[in-house]
Amino acid sequence: MIFLDAAATTPVRREVLEAMWPYLSGDFGNPSSHHSLGGSAATALAEARAGVAKVLNCRTGEVTFTSGGTEADNLAVKGIALARRAADPSLDRVVISAVEHPAVEESARYLARIHGFGVDVVPVDGDGLVTVDALREVLGPRTALVSIMYANNEVGTVQPVAELAAAAHGYGVPFHTDAVQAAGWLPLDVKVLGVDALSLSGHKLGAPKGSGVLFAKGRLRLEPLVHGGGQERGRRSGTENVAGAVALSTALVISHGEQEAMARRVSGLRDLFISAVQESVPDAVLTGHPVERLPSVASFCFPGTSGESVLLELERLGVICSSGSACAAGSDAPSPVLLALGIPPETAQTAIRFSFTQAITDVELRQAAAAVETAVGRVRNLAQRG
Ligand code: PLP
């Protein structure tokens, strides 16, 4: 099997399993307990936080562990917008891009539905990019927060986050970015990016599902969403997932160390794969930005096919990939992300996303490109006969 669905999830790395194991077994303490078992869990949690803070170049008090990327996005969008409006009732609008993950988009929709916020959606261009000019058009004195993702999970387009954050700051507005797909592939220094908040998810990095992080700048007020014992400096109550935090931190530190070399190697392989697919299926349409894209994502539409049929054929040929985001898998509706790029619905329904782990090889990608040619050919033949 050739696994080309790493944007959906990744296997847990051995080093990560080894690092987290003690906190699931012998050192199983609750970090809030005052005995030695609790102390050892609290130390592990503090070390995990320090590891994340080092990679993000922030203070440890700015790192909140969450149950995943979705919760980190919810906490950022709702928590910042609600806290800002509580301090100044005129701040009653949030800005998101047209290609956000549902974790951000639905958080903004919730703010509109339940709390009466206005939602301004910044359009993207045909490559999926948000321009500074487009952002400036929707920013205003009532904007409480801007949330624009670092890298898109369906087409891999990478946004000019530092420029967009600077534009938001020009209006005195804090900037959150969903860096769930960027982590491991792109630099994550929050000072260089100039962001006020940033979300991460462990399972895209070789840690287990159900671990995440929200970086939120020290002075940024954040209304908690989960109330209780006041863990995570009151930002996220609930007994901490110590093993999950250790796992995420270990995976983040390892992938950060390898990031530059991996990005160089895998983007080279990605480009060879894109050329091979375009050569064997000349009418394949590459979606997303041709250059400003994640090293790990190659996404296409294959006009005249059905994405789901091509996926099934690919799986028969031993290639595992997806028709878009895992969250939307199984839905017949064309992807809102592809529609936002201006791709017609009938073409959007033929989308396939290939996404790679760090371990991807040249040989696997050559085999996968050959499988794509066979799968698309078979589906087109069947459609002609049918
Ligand atoms: N944001 C993006 C861009 C994602 O791709 C995902 C997961 O696919 C999430 C958020 C949600 O993260 P999690 O699965 O950890 O809840």
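**Close-up views of the contact between two domains**

**View 1. Area buried between domain 1 and domain 2.** Domain 1 and domain 2 bury about 2,100 Å² between them, and carbon and sulfur atoms give 61% of this area; buried area is the accessible area (1.4 Å probe) that two parts lose on being put together, summed over both. In domain 1, the residues that lose the most area to domain 2 are Gln259, Leu294 and Val337, together 28% of what that side buries. This is a predicted model, in which local features need pLDDT of at least 70 and side-chain atom pairs count only at pLDDT 80 or more, while totals for chains, interfaces and linings use all residues. Residues are numbered from 1 along each chain as its sequence is written, and side-chain values use heavy atoms, with hydrogens and water left out.

View 2. Domain 1 covers 2-6 + 259-385 and domain 2 covers 14-254, with bounds from an automatic or database domain assignment. Their centres, taken over C-alpha atoms, are 28 Å apart. The contact (heavy atoms within 4.5 Å) takes 27 residues from domain 1 and 23 residues from domain 2.

**View 3. Polar pairs across the interface.** Nine residue pairs, both residues at pLDDT 80 or more, are in polar contact across the interface of domain 1 and domain 2. A polar contact is a pair of N or O atoms within 3.5 Å; within protein, one must be able to donate a hydrogen and the other to accept it, and residues adjacent in sequence count only if both atoms are side-chain atoms. By class, the side of domain 1 that touches domain 2 has 13 nonpolar, 11 polar and three charged residues. Here Ala, Val, Leu, Ile, Met, Phe, Trp, Tyr, Cys and Pro count as nonpolar, Asp, Glu, Lys and Arg as charged, and the others, Gly among them, as polar.
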